[in-house]
Amino acid sequence: MTRWDVFNGDADGLCAVQQWRLAEPADDAVAVTGAKRDVALLARVRAAAGDEVTVFDVSLHSNRAALEATLAAGARVRWFDHHYAGTPPAHPALDACIDTRASTCTSLIVDARLGHRFPLWAAVGAFGDNLHARARALCAAAGLDEARTAALAELGEALNYNAYGDDVADLPMHPAELRRAMAPHADPFAFEAEGPGCARLLATCREDLERACAEPAWAASAGAAVWRLPDAPWARRVRGAFGNRLATGDPRRAHAIVVPRADGACTISLRVPAGAATSADAFCRRFPGGGGRAIAAGVDVVAPADLDALLRAFLDAYAAPS
């Protein structure tokens, strides 16, 4: 019997699997992960009858065919997520714990499932997904002061930043390497102090965010703004963290970050206010390769000929502040 851990390589995916494996150790689990936009992860699993597959922070909708094949092979699947899922298959070997509300993330879903055993790792994941109010509530309940809370917020931001790029070559650390570095630490502060590569990751994230924040908006209205970053690895890495920073600083406005890809196309990352008439994932699903969740979503590949029309649609959809 093989155990498989399938997880998004961002802060939420990493902190979700971290909590689960602290509670349910499985040193032999096979990690299947990748960059943030590498969402078709379940197709990499070659499960057999009796295998256990646990999925964290990966869209069931984007992996439905692979899920059905995995179940047909006789594996048991447990799925934790907060992205649009469609209707999960009705199968006795599938345990789908999916909550798509804008106020939650996979780390918080796992935290609840485990009875709040590792709330600080849940807080790191929530900070990474820009759910600062939920994360701060966990920190306050744990008695953390402002300095320690801010340290977890920076760690969540850096873990999330590490996942962004067109492929893993853009990333400071491969998410599987980062998962191995995190694994021994029940306390995120211990990981921050001792984890291999953590100090370098935090420093690189700070530097790239400073570059992004120096860029002017390309277009802006009362309800929306568009940022076009240069064709550079740092810009591809920072687009998620930069989007979260913009959303935190200007929460009533929708933000679109455009970053060129190496193949000549572009990637779009969206941040949309909670409660907006059009959710971020609903907007992005209008376009091929688009998806995400209610307040944060994106379109993986936008051809140059289609970019202006997409941005016009974005500015129209979010013309008024939420």
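In strand β11, Ala-297 is the bridge partner of Leu-270. This pair belongs to a predicted model, in which β9 and β11 (residues 296-302) pair in the antiparallel sense over five bridges.

- Strand β9 covers residues 266-271, and six of its six residues are buried.
- Cys-266, Ile-268 and Leu-270 point one way from β9, while Thr-267, Ser-269 and Arg-271 point the other way. The residues of both groups are buried.
- In a regular strand, side chains alternate between the two faces of the sheet.
- β9 also pairs with β8 (residues 254-260), in the antiparallel sense and over six bridges.
- Within that pairing, Val-259 has Thr-267 in β9 as its bridge partner.
- The hairpin of β8 and β9 has five residues between the strands, and in this hairpin Gly-264 takes a positive phi near 100 degrees.

**The parallel sheet**

- An open sheet is formed by five strands in the order β2-β1-β3-β4-β5, with parallel pairing.
- Its edge strands are β2 (30-32) and β5 (94-98), each of which pairs on one side only.
- On average, neighbouring strands of this sheet are turned by 10 degrees against each other, direction ignored.
- β1 (residues 3-7) pairs with β2 in the parallel sense over three bridges, and Asp-5 stands opposite Ala-31 in β2.
- Helix α2 (residues 64-72) lies across β3 (52-56), β4 (76-81) and β5. The helix runs at about 150 degrees to β4.

**Helix α1 and Gln-19**

- Gln-19 is located in helix α1, which spans residues 11-23.
- Is Gln-19 buried or exposed? Gln-19 counts as buried because its relative accessibility is 1%, and the cut-off for a buried residue is under 20%.
- Leaving aside residues up to four places away in sequence, Gln-19 touches Ser-107, Val-110, Asp-111, Leu-114, Phe-118, Trp-121 and Ala-122.

**Helix α3**

- Helix α3 (residues 106-113) is mostly covered, with six of its eight residues buried.
- The buried residues in α3 are Thr-106, Ser-107, Leu-108, Ile-109, Val-110 and Asp-111.
- Against which elements do the buried residues of α3 pack? They pack against the helices α1, α4 and α5 and against the strands β3, β4 and β5.
- Ser-107, Val-110 and Asp-111 are buried in α3, and Gln-19 touches each of these residues.
- Gly-115 follows α3 and has a positive phi, near 70 degrees.

**Packing of α4 and α5**

- Helix α4 (residues 119-128) packs with helix α5 (residues 132-141) at an angle of about 160 degrees, and their axes are 8 Å apart.
- α4 is therefore roughly antiparallel to α5, since angles over 145 degrees count as roughly antiparallel.
- The crossing of α4 and α5 is left-handed.
- From α4, Pro-119, Ala-122, Ala-123, Ala-126 and Phe-127 take part in the contact. In α5 they meet His-132, Ala-135, Arg-136, Leu-138 and Cys-139.
- By class, the residues of this contact of α4 with α5 divide into eight nonpolar, one polar and one charged.
- Ala-122 takes part in the contact with α5, and Ala-122 is also among the residues that Gln-19 touches.

Terms used: Residues numbered from 1 in each chain as written. Predicted model: local features only at pLDDT ≥ 70, side-chain atom pairs only at ≥ 80, totals over all residues. Heavy atoms only, no water. Pairing = 2+ DSSP bridges. Helix = DSSP H or I, 4+ residues; strand = E, 2+ residues; numbered from the N terminus. Axes fitted to C-alpha atoms, helices over the stretch in contact; angles between N-to-C directions. Contact = heavy atoms within 4.5 Å. Buried < 20%, exposed > 50% of the residue type's maximum accessible area, 1.4 Å probe, protein only. Parallel < 35°, antiparallel > 145°, perpendicular 65-115°, else oblique. Left-handed = near helix turned anticlockwise from the far one by under 90°. Nonpolar A, V, L, I, M, F, W, Y, C, P; charged D, E, K, R; others polar.
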